[in-house]
Amino acid sequence: MNKISSHRMFRKELGGEFRMKHRNGRNQWKQGWGWFRPLGEAGRGKSRADLTVRLPEGEVHPLRGRSQVVVSMTTARRLFILGFLGAFLAVTVPAQTSQNIPDVTKITLEDLMDLQVTSVSKRAQKLADAAAAIFVITQDDIRRSGASSIPEALRMVPGLEVARIDENKWAIGSRGFNGRFDNKLLVLIDGRSVYTPLFSGVYWNVQDVMLEDVDRIEVIRGPGATLWGANAVDGVINVITKSAKLTQGAIATVEVGTEERTAESVRYGGKVGDNVYYRAYTKYSDWEPSIGATGANASDGWHTVRGGFRMDSTPTHADSLTLQGDLYHTNFGETLTVPSLTAPYSSTFPNAGDYAGGNILGHWNHAFSRSSTSLQMYYDNTNIADNSLFTDHEGVYDIDFQHDLHVGESQEFVWGLGYRSIQDTNGSSFTVALQPNHSSLNQYSGFVQDEVSLFDKRLRVTLGSKFEHNDFTGFEVQPNARLLWTLTPNQSIWTAVSRAVRTPALTEEGLRLNSAVIPPLTPGVNPTPFPAVITVFGSHQFQSEDLLAYEVGYRVQATSTFSTDIATFYNKYSNLRTAEPGAPFLEGSPAPTDLVIPFVASNKMSGGTYGVELFADWRVVPKWRLVGSYSYLQMDIRKNSDSLDPTPDLPNGSSPRHEWYLRSSIDLPKHFEDDTTLRFVDHLSGLNVPSYYSLDAHLGWRPVSPFELSIGGQNLLNNKHLEFIPDFINTAPTEVKRTVYGSLTFRF
């Protein structure tokens, strides 16, 4: 059987199923084809995961069953107690003003445009001076939205695709190619990259902080590789927490709800001497299992506990030091389908796993008269055990040096060097294996960027490039050119041309994924007496994926109460990932046990995407703010003429073409606040996920400064809706339910 004939033999049955589509009536072996989409566009690392241990045969995790009714009653009781406690505290705490808590309706548009951002040029600059499509989520935006996690807060970003897969998994992408293992979006927390080189994506249920300590979240849509390096292809998310000096005193929060059953966090900040500030926190969350598409319990509940600290010191006027770290442990569940070589050739069962790890980061900054230097070092350790699939133990050492230099009054030059060392050890299962099972990777990098201001600083020209060497593809160069023209004090136009690469992940080099098994003697599909294993292999010939991006943007503050921000883009991709069929072969010893139908990672896909992202901010009256966003995305990604990959062009249908939201923030009498958000997300044609509307509401009450009580609801227009279908690993997707919650925050 040659590879062309086998390709034709299986094309009809398997052609469209490389992505896990959980449709009623599909055979399990067809579902197994769903893995490969990540291998066709993935690869920017941030977490780790590999292979491992199987559950003992016949072991079943009990479902919740009737206990859900008890949980619902318990939640109602908790909400009542929370409200009673809030009212009691409100009348017993001494009356104080609430001026020390920021109010989004009292911040002027000028203040918003003057916000300091650092993600665009790796130095502080006004948001209005940034030649990039950047959006900032402030602490007050997070507080008033009712978001309880970073992914929920990211729904406020124009053009960012945020979809929940199940209770503990998310798909988050920018400008297309969305997926659980999206590999073109770089995510940082206080400058620490949280991607995993295992699959070049992010485990979003691991990335968490105490949201009350977040200063802002800066989100760049578009390439950021010149400063941040490979995998900052379609965007950069930078979560920046407050300094310890700004988090003095204590804060305690309690939240209960119908989905997040309970969440508690406590943080205390203090001072040692005149120039050393510190804080420490702990946080616990427990999430209710959700309901799958079939109406059954999805067994995807999870709970997590984490804690951490931060210390900031200014030993001299010119020096500042930061030391911070976190520890965490998460247990999660899911409904998993895996293939097998014996009838019925696949099994679906409740699976469990856990994440555990920690990180420590040190940062030193020294200011000279016309320049500054900084040195950052961190170590990040992550341990993952996804029972029945894989285990992975990863350690990352990272060091970065940066020098900012002011050359005269109109030129700023910045350069830096970096080194990263990655140690990865994993364990295998029948479904997933990675060879070698231990890897040691080294990455060296440097960057330069020069910004020149002309015509009385009305025109700013920025040129720069990143230079990297990695163990997969060797030397990579990622240049960009940006221009910002300030037309008037209230309006500007910017444009940029950038190159970015997405370097291979460990899975694209050494993976073996047994995606599905076709029973022997299946008429028209597998005429052999052996079970046929559909297997995806990595390849040492896999190359970096390339992007050449063109962007144009316009910002204007039309009046003192209205502003708008428009960004347009055209992205040209090449060397995107495909799954090319190989020659089938028998395996087993001493006698053959199965027939392997191989598909090998390759780079035979290319194409373009273009779109527009619009954001508007209107202060209707001093106490009423309306913000809105609309984004349009068109994708035209096709396989090259020499590709034999039988899968459809799935990237085109994994991201919504249209998205918009409208958010209203009103300050009501008696210290009440009302925030309402209406969202629309277009259908995902490649995943058969329908479009949906969602209405979220949040009502807060701050009668005195130390105290805040809030209630809210999410997805109020629908009882439930589907947002995404998982890729890579065949877990059951779940529907997002209508939820209500209540929270209490007390500062002292």
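Student: Over residues 84-105, under what value does pLDDT stay, and how many contacts beyond four places in sequence does the model have for them?

Tutor: This is a predicted model. Over residues 84-105 the pLDDT stays under 50, and the model has 46 contacts beyond four places in sequence for this stretch.

Student: What are the corresponding values for residues 1-73, and what does the protein chain average?

Tutor: The protein chain averages a pLDDT of 85, with 85% of the residues scoring at least 70. Over residues 1-73 the pLDDT is below 50, and this stretch has 279 contacts beyond near neighbours in sequence.

Student: How many aromatic pairs does a search of the whole structure find?

Tutor: The search finds 18 aromatic pairs.

Student: Why is the pair of Phe199 and Tyr203 called edge-to-face?

Tutor: Two values decide the matter. The ring centres of Phe199 and Tyr203 are 5.1 Å apart, and a pair requires centres within 6.5 Å. The planes stand at 80 degrees, and an angle over 60 counts as edge-to-face. The pair of Phe199 and Tyr203 is therefore edge-to-face.

Student: What makes Phe199 and Tyr203 count as buried or exposed?

Tutor: Buried means under 20% relative accessible area. Phe199 has 3% relative accessibility and therefore counts as buried. Tyr203, at 3%, also counts as buried.

Student: Which residues do ring pairs link into a cluster with Phe199 and Tyr203?

Tutor: The cluster also includes Phe181, Phe332 and Tyr355.

Student: How do you know that Trp660 and Tyr693 form an edge-to-face pair, and which parts of the chain does the pair link?

Tutor: Their rings lie 6.1 Å centre to centre, with 65 degrees between the planes; the limits are 6.5 Å for the centres and over 60 degrees for edge-to-face. The pair links distant parts of the chain, with Trp660 in strand S31 (residues 658-668) and Tyr693 in strand S33 (residues 692-701), 33 residues apart.

Student: Why are Trp660 and Tyr693 called partly exposed?

Tutor: The term covers values between 20% and 50%. Trp660 has 29% relative accessibility, so Trp660 counts as partly exposed. Tyr693, at 43%, likewise counts as partly exposed.

Student: What makes Lys184 count as lying over the face of Phe177?

Tutor: Lys184 lies over the face of Phe177 at 4.7 Å from the ring centre, and the distance criterion is within 6 Å.

Student: Why does Pro581 count as buried, and where is Pro581 found?

Tutor: Pro581 is found in strand S27 (residues 562-581). At 9% relative accessibility, Pro581 counts as buried, the limit being under 20%. Pro581 and Ala601 are 20 residues apart in sequence and 9.1 Å apart in space, C-alpha to C-alpha.

Terms used:
Residues are numbered from 1 along each chain as its sequence is written. This is a predicted model: local features need pLDDT of at least 70, side-chain atom pairs count only at pLDDT 80 or more; totals for chains, interfaces and linings use all residues. Side-chain values use heavy atoms; hydrogens and water are left out. Helices (H or I, at least four residues) and strands (E, at least two) are DSSP runs, numbered from the N terminus. Buried means under 20% relative accessible area, exposed over 50%, partly exposed in between (1.4 Å probe, protein chains only). Rings of Phe, Tyr and Trp (its six-membered ring) pair if their centres lie within 6.5 Å; planes under 30 degrees apart count as stacked, over 60 as edge-to-face and the rest as tilted. A charge sits over a ring if NZ of Lys or CZ of Arg is within 6 Å of the ring centre and within 35 degrees of the ring normal. pLDDT is the predictor's confidence in each residue, from 0 to 100. Contact means heavy atoms within 4.5 Å.
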